[in-house]
Amino acid sequence: MILSALLSAAAALQAPVEPSEPITLLVNYYTQPTDIELDWYANQGLKVKYRYATIPALAVVLDASQIDAVAERPGVEFVEADSTATISDISQTWGVEYIG
């Protein structure tokens, strides 16, 4: 009985992991990522969606199971989910007249 439980657990660990829906992750670096870093993503089969020029970050499309591998890369400061910000009310322009 114990042996069958162990065999079942071992089989579950060896089962292929189903890929999840692709997500876009912002990978923030301490310094601007190099072309060698971009090559690493390509070799892993990941898509670099955008390389930011003013901040040291990349937008990368990947599977959720790959987040840890990306987050543990040398030079990565932190990772976060990509999101969209919207402005819903621009009628409050009280500071604009003072700025010029």
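Which residues on the other side of α2 are exposed?

Modeller: Asp-35, Ile-36, Ala-42 and Asn-43 are the exposed ones. This is a predicted model, in which local features need pLDDT of at least 70 and side-chain atom pairs pLDDT 80 or more, while totals for chains, interfaces and linings use all residues. Residues are numbered from 1 along each chain as its sequence is written, and side-chain values use heavy atoms, without hydrogens or water.

Exposed means over 50% relative accessible area, buried under 20%, and partly exposed in between, with a 1.4 Å probe and protein chains only. Helices (H or I, at least four residues) and strands (E, at least two) are DSSP runs, numbered from the N terminus.

Now the buried side. In α2, Glu-37, Leu-38, Trp-40 and Tyr-41 are buried. They lie on the same side of the helix, because their arc around the axis is only 150°. That arc is taken from the directions from the helix axis to the C-beta atoms. An α-helix has 3.6 residues a turn, so residues three or four places apart point the same way. The cover over the buried residues of α2 includes β1, β2 (47-51), β3 and α3 (67-71). After α2 comes Gly-45, with a positive phi near 80°.

Next, the core. The largest nonpolar core has twelve residues, among them Leu-38, Trp-40 and Tyr-41. Such a core is a set of buried Ala, Val, Leu, Ile, Met, Phe, Trp, Tyr and Cys residues joined through side-chain atoms within 4.5 Å. At least two of its residues come from each of β1 (23-29), α2 (35-43) and β3 (57-62).

Leu-25 is another core member. Beyond four places in sequence, Leu-25 contacts Leu-58, Ala-59, Val-60, Leu-62, Ile-67, Val-79, Glu-80, Ala-81 and Asp-82. Contact means heavy atoms within 4.5 Å.

Val-76 belongs to the core too. It sits in strand β4 (residues 76-81). Val-76 counts as buried because its relative accessibility is 9%. Leaving out residues up to four places away, Val-76 touches Val-27, Asn-28, Tyr-29, Tyr-30, Val-70 and Ala-71. Thr-31 is 45 residues from Val-76 in sequence, yet their C-alpha atoms are 8.6 Å apart.

Last, Leu-26 in strand β1. Leu-26 is buried, at 15% relative accessible area. With residues up to four places away set aside, Leu-26 touches Tyr-52, Leu-58, Ala-59, Phe-78, Val-79, Glu-80 and Asp-82. Leu-26 and Tyr-50 are 24 residues apart in sequence, and 9.3 Å from C-alpha to C-alpha.
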